[in-house]
Amino acid sequence: MLETKSIRKNIDLYSNRLLKRGLSDSKEKLNKIIHHDDNRKLYKAQLDNILTEYNQVSKQIGEKIQSGKKEEAEIMKKKSQKLKILKKKTSEKLKNEEAIIYEILTNLPNVPDEIVPSGNNEEDNDIIFESKRNINANKKLYPHWDLVKSFNLINFEKGNKITGAGFPVYIDKGAKLQRAIINFCIDQAIEKGYQEIQPPILVNDTSAFGTGQLPDKEGQMYKIENENLYMIPTAEVPITNLHSNEILNNSLLPIKNVAYTPCFRKEAGSWGSHVRGLNRLHQFDKVEILRVEHPEKSHHALEEMVEHVKSIIDKLGLPYRVLKLCGSDLGFASAFTYDFEVYSAAQKKWLEVSSVSNCESYQSNRLKLRYRNSDGNIELAHTLNGSALALPRIFATIIENYQTEKGIVIPEILVPYTGFSIIN
């Protein structure tokens, strides 16, 4: 959530950058916030004056009664009643202005970083890196939905029977390969200094609001009926909320956490060939890396996270590319995002497997996640998150790109985790 004081200082800058998201009315909304904040300040000052006068009159009433001046006390009581009514009316006006400001702020996305490119859709994203595509480039390849059936790795039909579409059942070596990728990704993060966390996979609405899932993505989350609980769409939600409403010591930063969780998303409105098989699921596994950083160090931390994800995909031997997202493709809470896509040789297309984002102070303002700097002042920390990795499409591209006439070869880095080197 943006800070009102920052909006006042940077209204033209913020307005221009929000235009990158396609928000043509951003200047109007920002001016509206300032207008209502002016009203808020006015009513707050009036209320403070009323309360001061009310307290003085209350004190005087007692003094008049003690000194036997009952008539004067009655006059003061009438004044006290008028002040009480005025206090209530002014308080209501103040709350109304605060509610209007809050409503606008909570529905306003983060301001894109200055280096975020403008654009209207994913076609306007900048490709900043692309590796070589040299796996099975000249062979007849089968898509993963055929391979998992042939080798009995995943059963989509049974998942559909027991739950519904988008909830696959992993079987035997399919389950082992899935677990191997998870453990590999966690170990890679731990080697880079991340602390492993196993969080709850249900969160309350306060937590979902803190990271920006609410109100923006309410329709995409599964809610527990008659409970104030949501199934997590990503480990970003519970892990980032670990430090909500806290003031951290300067020495604790950076905080680096990694977590494996199942994730749940309705994916409402998704259809077509791009959702076939593992391409898009309602339940999927993901390893997430998260950081709480000093504001002046968060951009460097983002680049470190990008290099970390690149190293994982390199070790898996998958062809991939890195994109700098344009303004309209950014997530609600993100100021800057890199996307990673792996190339499916069988499907002949790019599949997103990771987003690495710097949310700067947007989430921490909602979370009240602060730190005390070296001067002793309290400031908002910066939060970052990244998929390292989202598993379904990694699983899919491994079996598609590593298929041979003898079977599916396991990437060498995963063999110690699977216990086998080929699926046949």
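The model described here is predicted. Tyrosine 371 belongs to strand β13, which covers residues 369-372. If residues up to four places away in sequence are left out, tyrosine 371 touches Ile247, Leu248, Asn250, Leu253, His294, Pro295, Glu296, Asn377, Ile378, Glu379, Leu380 and Ala381.

Is tyrosine 371 buried or exposed? Tyrosine 371 counts as buried because its relative accessible area is 2%, and the limit for buried is under 20%. Tyrosine 371 also shows how the chain brings separated positions together. The C-alpha atoms of tyrosine 371 and asparagine 249 are 5.8 Å apart, although 122 residues separate the two along the chain.

## The protein as a whole

The protein contains 13 helices and 17 strands. Its radius of gyration is 27 Å, while the globule rule gives 22 Å for 424 residues; the value is well over the rule, so the protein is more spread out than a compact globule. Along the principal axes, the C-alpha atoms fill a box of roughly 105 × 45 × 45 Å.

Of the 424 residues, 51% are buried. The exposed surface comes to about 21100 Å², and carbon and sulfur atoms supply 47% of that area. Among contacts with a separation of 6 or more, 73% are between residues 24 or more positions apart.

## Salt bridges

Side chains of opposite charge can pair when their charged atoms come close. How many salt bridges does a search of the whole structure find? The search finds 16.

One of them joins the side chains of aspartate 37 and arginine 40, with 2.7 Å from N to O. Both residues are in helix α3 (residues 26-66), and because they are 3 residues apart there, about one helical turn separates them. Arginine 40 has a relative accessible area of 24% and is partly exposed, whereas aspartate 37, at 5%, is buried. The pair is also part of a network of salt bridges that links Arg8, Asp37, Asp38 and Arg40.

Another salt bridge connects the side chains of glutamate 53 and lysine 79, at 3.3 Å from N to O. This pair links distant parts of the chain: glutamate 53 lies in helix α3 and lysine 79 in helix α4 (residues 70-106), 26 residues apart. Glutamate 53 is partly exposed, with a relative accessible area of 30%, and lysine 79 is partly exposed at 37%. A further salt bridge is formed by the side chains of lysine 217 and aspartate 216, at 2.9 Å from N to O. Lysine 217 is partly exposed at 33% relative accessibility, and aspartate 216 is partly exposed at 38%.

Which residues lie on each side of β11? Phe336, Tyr338, Phe340, Val342 and Ser344 are on one side, and Thr337, Asp339, Glu341 and Tyr343 are on the other. Both faces are covered.

Strand β10 (residues 320-324) runs antiparallel to β11, and 5 bridges join the two. Arginine 321 stands opposite glutamate 341 of β11. Strand β12 (residues 349-360) is also antiparallel to β11, joined to it by 9 bridges. Tyrosine 338 has valine 356 in β12 as its bridge partner. The hairpin of β11 and β12 has 4 residues between its strands, and lysine 348 takes a positive phi near 55 degrees there.

Threonine 261 is in strand β8. Its relative accessibility is 1%, so threonine 261 counts as buried. Leaving out residues up to four places away in sequence, threonine 261 touches Pro199, Ile201, Ile232, Ala235, Phe284, Asp285 and Lys286.

Asparagine 279 sits in the loop between β8 (255-264) and β9 (283-293). Although it is in a loop, asparagine 279 is buried, at 2% relative accessibility. With what does its side chain make a polar contact? The partner is the side chain of glutamine 347, at 2.8 Å.

Note on methods. Residues numbered from 1 in each chain as written. Predicted model: local features only at pLDDT ≥ 70, side-chain atom pairs only at ≥ 80, totals over all residues. Heavy atoms only, no water. Salt bridge = Lys/Arg side-chain N within 4 Å of Asp/Glu carboxyl O. Buried < 20%, exposed > 50% of the residue type's maximum accessible area, 1.4 Å probe, protein only. Polar contact = N/O pair within 3.5 Å; in protein donor to acceptor, adjacent residues only side chain to side chain. Rg over C-alpha atoms; globule rule 2.2 N^0.38 Å. Contact = heavy atoms within 4.5 Å. Areas by Shrake-Rupley, 256 points an atom, 1.4 Å probe, with all protein chains shown as cover. Pairing = 2+ DSSP bridges.
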